[in-house]
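Thank you for asking me to look over this entry before it is passed on to others. My comments are set out below as separate points, written for someone who has not seen it before.

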Amino acid sequence: MMDWTTRECRYFHRQLTQQALLYTEMVTTGALLFGDVERHLRFDDAEHPLALQLGGSDPADLAKATKLAEQWGYDEVNLNCGCPSDRVQNGQFGACLMAQPELVRDCIKAMQDAVAIPVTVKHRIGIDDADRYEDMLNFVVTVAESGCDTFIVHARKAVLGGLSPKQNREVPPLKYEYVYRLKRELPQLNIIINGGIKTHQECELHLQHVDGVMLGREAYHNPWLMAEVDSRYFGQADPLQSRQDAVAKMLPFIDAELAAGQRLFYSTRHMMGLFQAQNGAKAFKRFLSENAWKADAGSQVLADAAALVGGPAR
Ligand SMILES: Cc1cc2nc3c(=O)[nH]c(=O)nc-3n(C[C@H](O)[C@H](O)[C@H](O)COP(=O)(O)O)c2cc1C
């Protein structure tokens, strides 16, 4: 998620679950082929398994960017066919690509031919008036001709004129049934559902119909939700016992970041929701808001903020 799933955010989320696949922000092919590759692609080894999401629509450029991703050690590359922003539309990628399934198929084919890691697609259930189930089915069937077998479906359509990106995450209704039907009709594909999912109970219901669940905003705002992912879905021990453990895990990372010239706020801004619904959550957030942005703020600021939280450890 742009500006949210930065490498600092992903390092934090990785403390909460060792198993869930994490995604970068979308990076455009232009940024990689003509920009600062290290700035866009560097990540901590601890972040694995990690997917790089690309934005683009030129098969040759996407192939080059995918090759870079593999060289940098990413576990998967995902092509964005769901973002509705004007900037992305002007660049002829994101959600407007759903109108060009053959082009997406060719892009994915070129990307796959360049690497050994999986290449996946994230898309909507439709765009504008092309919002019948059959439109999405045609898109997926055509793209799957490339050999792509994993589709992450944001279960609401994108409206490309008139709605802001934020409205496009809220206004068009969620149609989970479209995603379930896609899995029923194309059972050989991995279908991952996304959009509006907030609880483990909801995840478990969706998993009766599809192969996986992707959480965006809820995972970001209420990250402790992820602390049960490993035991619930992967049969593994959860990595942390308490929210305070999560803070403790972040302190050495933050010290290293600060030593490298980064600001405390770059890490702590993703942790604001850690104590959601706990006694002292407001005091934690307020303390960080007031102190973490200061130029000389050290990791002690985070430790002091966490010390303001009482109540049950979990
Ligand atoms: C701030 C923000 C940035 C986002 N950036 C991206 C992005 O870069 N690529 C993408 O595929 N989706 C992006 N999304 C959409 C989410 O991945 C997700 O599809 C959407 O929020 C619906 O899922 P949710 O209800 O679980 O959040 C973004 C969402 C938000 C809130």
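This is a predicted model: local features need pLDDT of at least 70, side-chain atom pairs count only at pLDDT 80 or more; totals for chains, interfaces and linings use all residues.

1. The protein chain is divided into domain 1, covering 7-234, and domain 2, covering 243-307. The C-alpha centres of domain 1 and domain 2 lie 29 Å apart, and the contact takes 13 residues from domain 1 and 15 residues from domain 2.

2. The second largest pocket. This pocket has a volume of about 530 Å³, and of the 19 residues that line it, the closest to its centre are Thr6, Arg7, Glu25, Arg39 and His40. Helix H1 (7-16), strand E1 (22-28) and helix H3 (37-41) are the elements that give two or more residues to the lining, and E1 provides the largest share, 5 residues. Which domains does the lining of the second largest pocket draw on? At least three residues come from each of domain 1 and domain 2.

3. Trp4 lies in the segment before H1 and Tyr220 in helix H10 (residues 217-221), so the pair ties together parts that are 216 residues apart in sequence. Trp4 is partly exposed, with a relative accessible area of 25%, whereas Tyr220 is buried, with a relative accessible area of 10%.

4. An edge-to-face aromatic pair. Tyr133 and Tyr178 form an aromatic pair that is edge-to-face, with 5.9 Å from centre to centre and 85 degrees between the planes. Because Tyr133 lies in helix H7 (residues 133-144) and Tyr178 in helix H8 (residues 176-185), this pair ties together parts that are 45 residues apart in sequence. Are these two residues buried or exposed? Tyr133 counts as buried at 3% relative accessibility, and Tyr178 counts as buried at 18% relative accessibility, the cut-off for buried being under 20%.

5. The buried residues of H8. Tyr178 belongs to a set of buried residues in H8 that also includes Val179, Tyr180, Leu182 and Lys183. What covers the buried residues of H8? Their cover includes H7, strand E5 (150-154), strand E6 (190-194) and helix H9 (200-206).

6. Backbone features worth checking. Most residues other than glycine have a negative phi, and most peptide bonds are trans. In this model the peptide bond from His48 to Pro49 is cis, with omega near -5 degrees, and Pro49 lies in the loop between H3 and strand E2 (50-55). Asp128 has a positive phi of about 45 degrees although it is not a glycine; Asp128 lies in the loop between strand E4 (119-124) and H7, and is partly exposed, with a relative accessible area of 29%. Ala277, also not a glycine, has a positive phi of about 70 degrees. Ala277 lies in the loop between helix H13 (264-268) and helix H14 (281-291), and it is exposed, with a relative accessible area of 74%.

7. Surroundings of Lys122. Lys122 lies in strand E4. Lys122 and Asn78 are 44 residues apart in sequence and 6.8 Å apart in space, C-alpha to C-alpha. Not counting residues up to four places away in sequence, Lys122 touches Gln53, Asn78, Leu79, Asn80, Cys81, Gly82, Ile152, Asn194 and Met214.

8. Surroundings of Ala114. Ala114 lies in helix H6 (residues 101-114). With residues up to four places away in sequence left aside, Ala114 touches Ala63, Lys67 and Glu70. Ala114 and Gly273, for their part, are 159 residues apart in sequence and 39 Å apart in space, C-alpha to C-alpha.

Conventions:
Residues are numbered from 1 along each chain as its sequence is written. Side-chain values use heavy atoms; hydrogens and water are left out. On a 1 Å grid over the protein atoms alone, a cavity is a set of points where a 1.4 Å probe fits but cannot get out, and a pocket is an open set with protein on both sides within 12 Å along at least five of seven lines; lining residues have an atom within 4 Å of a point. Grid points are joined across faces, edges and corners, and a volume is the space filled by probe spheres set on the points. Helices (H or I, at least four residues) and strands (E, at least two) are DSSP runs, numbered from the N terminus. Domain bounds come from an automatic or database domain assignment. Buried means under 20% relative accessible area, exposed over 50%, partly exposed in between (1.4 Å probe, protein chains only). Rings of Phe, Tyr and Trp (its six-membered ring) pair if their centres lie within 6.5 Å; planes under 30 degrees apart count as stacked, over 60 as edge-to-face and the rest as tilted. Contact means heavy atoms within 4.5 Å.
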